[in-house]
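Hi there,

Here is the structure I promised to pass on.

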Amino acid sequence: MINVVIFGAPGSGKGTQSQLLIKKYGLTHVSTGDILRAEIKAGTELGKLADSYMSKGHLLPDEVVIEILDELIRRHSDAKGFIFDGFPRTLAQGAELDKMLSGNDTQISLVISLEVSDAELIDRLLKRGQISGRSDDNRETIESRLKVYYSQTSPLKEFYAKQGKLKIIEGVGTVEDIFKSIEKELDKEF
Ligand code: AP5
Ligand code: MG
């Protein structure tokens, strides 16, 4: 199994690059954000809970997202591998993911961190906000998402660097050129 974490701040291109990765490598895409947005749309209890955090740009409690992931990994035990997009987002989630994968005799193969300046991130998300209908694509919530990223999520870079798995990729330029840089790293794993 090849398991890739696609890592980066809000708007860094995780979802965009994941789509290209799925096509080329046939991995199963796991986006906690997409799962939660689907729950909101369906009006479930989980969706109501998720909306109260997401619209403010805050993270959901670790145990809630870990339970979602645990169930999903079990359900897709025959997958060729996973692309984790938007998970893990805290050190506790990172430690749990390692445990869940080792329980299935597998592990994270590599972590691609997309690096983009704050100015560019804000610009991309404000632009998307004009059409996306995402309740978190407004200036106030974007600023909160960035703060949360730097305080709670970015420490995972050190966590994965220590495991020798972190690959830093410049996330600015055309989508195709960024994908080429990611391919170079991934092709070493296949
Ligand atoms: P989530 O859905 O994961 O959102 P996010 O991390 O804030 O990031 P985005 O999806 O906005 O950006 P992206 O990096 O995917 O970039 P994209 O490709 O879309 O999480 C949302 C919320 O859910 C969280 O705030 C939290 O509340 C909750 N949540 C989710 N996971 C959780 C977890 N594990 N624990 C707790 N809570 C959790 O691109 C962005 C824009 O830029 C697009 O318009 C795109 O077209 C454009 N773009 C992409 N690439 C380029 C490029 N190279 N040049 C120019 N524009 C580009
Ligand atoms: Mg995304």
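Below is what turned up, starting with the ligand.

First, the ground rules. This is a predicted model, in which local features need pLDDT of at least 70 and side-chain atom pairs count only at pLDDT 80 or more, while totals for chains, interfaces and linings use all residues. Residues are numbered from 1 along each chain as its sequence is written, chains are lettered from A and ligands numbered from 1 in the order in which they are written, and side-chain values use heavy atoms, with hydrogens and water left out.

Ligand 1 has 30 residues around it, and the closest are Thr16, Thr32, His58, Arg89 and Arg128 (a residue counts if one of its heavy atoms lies within 4 Å). This shell splits into 11 nonpolar, 11 polar and eight charged residues (Ala, Val, Leu, Ile, Met, Phe, Trp, Tyr, Cys and Pro are nonpolar; Asp, Glu, Lys and Arg are charged; the others, Gly among them, are polar).

Oxygen atoms of ligand 1 lie 2.6 Å from a polar backbone atom of His58 and 3.3 Å from one of Ser12, and a nitrogen atom is 3.0 Å from one of Gly173. Taken alone, ligand 1 exposes 1,000 Å², and the protein buries 86% of that (Shrake-Rupley method, 1.4 Å probe).

Which elements give two or more residues to the shell? They are helix 1 (14-25), helix 2 (32-42), helix 6 (118-132) and helix 9 (175-187), and helix 2 gives the most, with four residues. Helices are DSSP runs of H or I with at least four residues, and strands are E runs with at least two, numbered from the N terminus.

The peptide bond from Phe87 to Pro88 is cis, with omega near 0°, and Pro88 sits in the loop between strand 3 (82-85) and helix 5 (91-103). Asp105, in the loop between helix 5 and strand 4 (110-115), has a positive phi, near 60°. Most residues other than glycine have a negative phi, and most peptide bonds are trans.

Best wishes

Notes:
A polar contact is a pair of N or O atoms within 3.5 Å; within protein, one must be able to donate a hydrogen and the other to accept it, and residues adjacent in sequence count only if both atoms are side-chain atoms.
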